[in-house]
Amino acid sequence: MKFVDLHLHSRFSDGTYTPEELVAQARRCELAAIALTDHDSVEGCAATAQACAAAGIEFVAGAELTAEQDGNELHLLGYFIDMQNGRLLTQIARFQAVRQDRIREMVSRLNKLKVPLSAEAVFVLANCRAPGRPHVARALVQAGLCGNLDEAFERFLKKNRPAWVPKFKMSAGEAIDLIHQAQGVAVLAHPGLNRTDEVIPRLVEAGMDGIECFHTKHSTATSEHYLELADRFDLLVTGGSDCHGLSKGRPLIGTVKVPYQHVEQLQARAAEIKAAATPRLD
Ligand code: AMP
Ligand code: ZN
Ligand code: FE
Ligand code: FE
């Protein structure tokens, strides 16, 4: 049986592994294919593709875009995206600027709470264009201002905590369109974490292609529930560990068992999307 992991983060967002380290881990887990799905970034895809080619692992170019629907934050995974797509890169640059401003705002709120963290310390630690709350949490721990990452989130960074700053988000429909026009397949990430199944029919109407049924934080019952929904709405099924490297102890890569057939189905859909976008000459 061949297995894959279609939800992985690298240093180009809030993961701790470089693309090369990630691929070395994928090899250790004997994965047949992996997808890199950094938050609002495709920057790590080229290096990951190269390392995968050298290791004989199939690579799927991906990204995890932050979006919202009816006031709920949703994450949309794009698979088999064209990494050079102009509109995708322009929009991603916009979301990265929003993320950088948000770090400054979170730090300013922390400073008002007499927590002496500097934005510079967060940017140096993050060392990427798509910084996020995990980087603020790590900087707080590194500076000895919090004991661990969970404490940083619980005290300051979780939604509605004092240093939490909402992020400007595109609508889910816009994220799906953005992925499609970059010739990618649009998949709802970890629906079991959102607990807002009522948005799914709307996303299906907006053209969403699939749903991430297998995820570290989905119980067996949750995965089965989303497999049923996938069947009902005729959606593709994906899965992955959502590994962020060594940020919280043992790396999660390869721990969610996703059969290879799901990559083949994604690829078939990607080919359909590409064919529909290419003007026919006959
Ligand atoms: P952001 O995109 O900046 O809002 O950060 C979201 C990321 O923070 C998620 O992808 C998770 O990796 C991470 N995260 C959210 N909640 C927690 C938590 N309680 N502990 C550690 N990491 C978290
Ligand atoms: Zn993350
Ligand atoms: Fe996510
Ligand atoms: Fe993720």
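User: Which residue of β2 does Val 4 stand opposite?

Analyst: Val 4 faces Ala 33 in β2. This is a predicted model, where local features need pLDDT of at least 70, side-chain atom pairs count only at pLDDT 80 or more, and totals for chains, interfaces and linings use all residues; side-chain values use heavy atoms, with hydrogens and water left out. Residues are numbered from 1 along each chain as its sequence is written, while chains are lettered from A and ligands numbered from 1 in the order in which they are written.

User: How do you know that β1 and β2 pair?

Analyst: Two strands pair if DSSP finds at least two bridges between them; strands themselves are DSSP runs of E with at least two residues, and helices are runs of H or I with at least four, numbered from the N terminus. Strand β1 (residues 3–8) and β2 have three bridges, so they meet the rule for a pair. They run parallel.

User: What joins β3 to its neighbours β2 and β4?

Analyst: β2 and β3 run parallel with four bridges, and Ala 33 stands opposite Glu 58 there. Strand β3 (residues 58–69) and β4 run antiparallel, joined by eight bridges. Within that pair, Thr 66 has His 75 as its partner, and Ala 67 has Leu 74. The two strands make a hairpin with two residues between them, where Asp 70 in the turn has a positive phi of about 50 degrees.

User: Why is the contact between Lys 169 and Glu 73 called a salt bridge?

Analyst: A salt bridge needs a side-chain nitrogen of Lys or Arg within 4 Å of a carboxyl oxygen of Asp or Glu. Lys 169 and Glu 73 come to 3.7 Å, N to O, so the pair qualifies. Lys 169 lies in the loop between α6 (149–157) and β5, and Glu 73 in strand β4, so parts 96 residues apart in sequence are tied together. Lys 169 is called buried because its relative accessibility is 13%, whereas Glu 73 is partly exposed at 34%.

User: Which parts of the chain does the pair of Glu 43 and Arg 129 link?

Analyst: The side chains of Glu 43 and Arg 129 meet in a salt bridge at 2.4 Å, N to O. Glu 43 is in the loop between β2 and α2 (45–55) and Arg 129 in the loop between α4 (119–126) and α5 (133–142), 86 residues apart. Glu 43 counts as partly exposed because its relative accessibility is 36%, and Arg 129, at 46%, is partly exposed too.

User: How far apart are Arg 109 and Glu 105?

Analyst: Arg 109 and Glu 105 sit four residues apart in helix α3 (residues 86–112), which means about one helical turn lies between them. Their closest N and O atoms are 3.0 Å apart, in a salt bridge.

User: Why is Asp 234 called exposed, but Phe 233 partly exposed?

Analyst: Asp 234 has 65% relative accessibility, so it counts as exposed. Phe 233 has 24%, so it counts as partly exposed. Phe 233 is found in helix α10, while Asp 234 is in the loop between α10 (220–233) and β8 (236–240).

Notes: Buried means under 20% relative accessible area, exposed over 50%, partly exposed in between (1.4 Å probe, protein chains only).
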